[in-house]
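Dear colleague,

I am handing over the structure below, and after it you will find an account of what came out of looking through it. Please read the account with the structure open beside you.

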Amino acid sequence: MKLFYYQRPDRQPNFGDELNHWLWPQLCPTLFENESDDDTATTFVGTGTLLNNKLSERIQSADRLVIFGTGAGYEQPLSQLSPHWDIHCVRGPFSARLLGLPPEMAITDGGLLVSQVFKPSEEASSNGQNADGKTCSFMPHIHSAHAAADRWQHICQQANIRYIDPRWPIENVLNAIHSSEVLLAEAMHGAIVADALRVPWIPVTTSPRIYAFKWQDWCASMRLPY
């Protein structure tokens, strides 16, 4: 089975997308152990806001899609579901309604399964704090990080807040979130992982590019207000 997730045109890594490559092979190693470029019969679609009119174009060669915890949104909505899409569950009730799926298929985002496989480093676990002593962290959206990472780091330093860049390696982000006492999250998957690791989080918005629909979709799956 082949694993599909969104990759930015500029090839910069983004935590919410790259989480797929880290998470699913650990949870289901036998599903992906024989993955190759020629293995196009079945494609697994997990974490991401990918259920829109572009998905079929992005995975034209797949004979069958297995969809698990994925969200609807961005681009144009789907006019109908393809018969070769095997949808097990979606991110939340907003996605289910948009796709005409029964409410019971709205489970939650697959990123919550991080808690099943993540093991914090000893350094990150010590004293329940970040190595730099900062217990509050801020994780911007990828667009904010791309546009102004240096400025955000400066602001965080002035406020004595740990800056977590969504472009860091997955393990670095996970350990930084885990060792925080509270996470200020503009990146939705930062909040999802914080929730999975039992770290309190507060959603923040600093840019009109933040897509409220996907936040509302996931929060509704958890019966939380956004």
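**Aromatic pairs and helices**

F138 has a relative accessibility of 5% and therefore counts as buried, the cut-off being under 20%. Please keep in mind throughout that this is a predicted model.

The structure holds 11 aromatic pairs, and F138 belongs to one of them: together with W152 it forms a tilted pair, with 4.9 Å from centre to centre and 50° between the planes. This pair links distant parts of the chain, since F138 sits in strand β6 and W152 in helix α6, 14 residues apart. W152 is buried as well, although its relative accessible area is 19%, where buried means under 20%.

A second pair is made by W215 and Y226, whose ring centres lie 5.1 Å apart and whose planes stand at 15°, so that the pair is stacked. Because W215 lies in helix α9 (residues 212–221) and Y226 in the segment after α9, the pair ties together parts that are 11 residues apart in sequence. Here W215 is buried, with a relative accessible area of 1%, whereas Y226 is partly exposed, with a relative accessible area of 37%. Elsewhere, ring pairs link W24, F32, F44 and F68 into a cluster.

To return to helix α6, which spans residues 142–158, you will see that the helix bends by about 95° at A148. A148 is also one of the buried residues of α6, which are I142, S144, A145, A148, A149, W152 and C156. What covers these buried residues includes two strands, β6 (136–139) and β7 (162–163). Just after α6, N160 takes a positive phi of about 60°.

The last point concerns two other helices. Two packed helices are described by the angle between their axes and the distance between the axes. For helix α1 (residues 15–27) and helix α8 (residues 188–196), the axes come within 8 Å and cross at roughly 50°, which means that α1 is oblique to α8. On the α1 side the residues that meet the other helix are F15, G16 and L19, and on the α8 side they are H189, G190 and V193. The residues of this contact between α1 and α8 divide into 3 nonpolar, 3 polar and no charged.

Notes
Residues are numbered from 1 along each chain as its sequence is written. This is a predicted model: local features need pLDDT of at least 70, side-chain atom pairs count only at pLDDT 80 or more; totals for chains, interfaces and linings use all residues. Side-chain values use heavy atoms; hydrogens and water are left out. The bend at a residue is the angle between axes fitted to the seven residues ending there and the seven starting there. Helices (H or I, at least four residues) and strands (E, at least two) are DSSP runs, numbered from the N terminus. Buried means under 20% relative accessible area, exposed over 50%, partly exposed in between (1.4 Å probe, protein chains only). Contact means heavy atoms within 4.5 Å. Rings of Phe, Tyr and Trp (its six-membered ring) pair if their centres lie within 6.5 Å; planes under 30 degrees apart count as stacked, over 60 as edge-to-face and the rest as tilted. Axes are lines fitted to C-alpha atoms, for helices over the stretch in contact, and angles run from 0 to 180 degrees between N-to-C directions. Angles under 35 degrees count as roughly parallel, over 145 as roughly antiparallel, 65 to 115 as roughly perpendicular and the rest as oblique. Ala, Val, Leu, Ile, Met, Phe, Trp, Tyr, Cys and Pro count as nonpolar, Asp, Glu, Lys and Arg as charged, and the others, Gly among them, as polar.
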